[in-house]
Amino acid sequence: MFAFFNAIASMIDIVVNFVVNMFLLLYTTISSVIRAVSWLFLCIAYLPGWLTAFLLVPVALAVVFQVLNKGG
């Protein structure tokens, strides 16, 4: 009888840990994207004005793809 309640408590523990870890992963991913994009704009601020327009979009896309781990 106690094994049954222990199994139910273990199942609830697994579900709660999964939900908590899912929200932590979401928070980490969003904060990583924000840090990567802010670092990108800080680096681009040091470039000359004529070069900024040509590099802003491709570099921003490359950073986002690398953060999402879909880049080469």
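## Helix packing

Angles between axes of over 145 degrees count as roughly antiparallel. In this predicted model, the axes of helix H1, residues 2-44, and helix H2, residues 49-67, come within 10 Å and cross at roughly 155°, and H1 and H2 are therefore roughly antiparallel to each other. The crossing of H1 and H2 is right-handed.

On the side of H1, the contact is made by Ser32, Val33, Ala36, Leu40, Phe41 and Ile44, while H2 contributes Thr52, Leu55, Leu56, Val59, Ala60, Val63 and Val67. Sorted by residue class, the contact of H1 with H2 comprises 11 nonpolar residues and two polar ones, with no charged residue.

## The aromatic pair

A pair of aromatic rings is described by the distance of the centres and the angle of the planes. A search of the whole structure finds one aromatic pair, formed by Phe4 and Phe5, whose ring centres are 5.4 Å apart and whose planes stand at 65°. Planes over 60 degrees apart count as edge-to-face, so the pair of Phe4 and Phe5 belongs to that class.

Of these two residues, Phe5 has a relative accessibility of 47%; because exposed means over 50% and buried under 20%, Phe5 counts as partly exposed.

## Ser38 in helix H1

Ser38 has its place in helix H1, and with a relative accessible area of 36% this residue is partly exposed. From Ser38 to Met22 the separation is 16 residues in sequence, and the corresponding distance in space, taken from C-alpha to C-alpha, is 24 Å.

Notes
Residues are numbered from 1 along each chain as its sequence is written. This is a predicted model: local features need pLDDT of at least 70, side-chain atom pairs count only at pLDDT 80 or more; totals for chains, interfaces and linings use all residues. Side-chain values use heavy atoms; hydrogens and water are left out. Axes are lines fitted to C-alpha atoms, for helices over the stretch in contact, and angles run from 0 to 180 degrees between N-to-C directions. Helices (H or I, at least four residues) and strands (E, at least two) are DSSP runs, numbered from the N terminus. Angles under 35 degrees count as roughly parallel, over 145 as roughly antiparallel, 65 to 115 as roughly perpendicular and the rest as oblique. A crossing is left-handed if the near helix is turned anticlockwise from the far one by less than a right angle, and right-handed if clockwise. Contact means heavy atoms within 4.5 Å. Ala, Val, Leu, Ile, Met, Phe, Trp, Tyr, Cys and Pro count as nonpolar, Asp, Glu, Lys and Arg as charged, and the others, Gly among them, as polar. Rings of Phe, Tyr and Trp (its six-membered ring) pair if their centres lie within 6.5 Å; planes under 30 degrees apart count as stacked, over 60 as edge-to-face and the rest as tilted. Buried means under 20% relative accessible area, exposed over 50%, partly exposed in between (1.4 Å probe, protein chains only).
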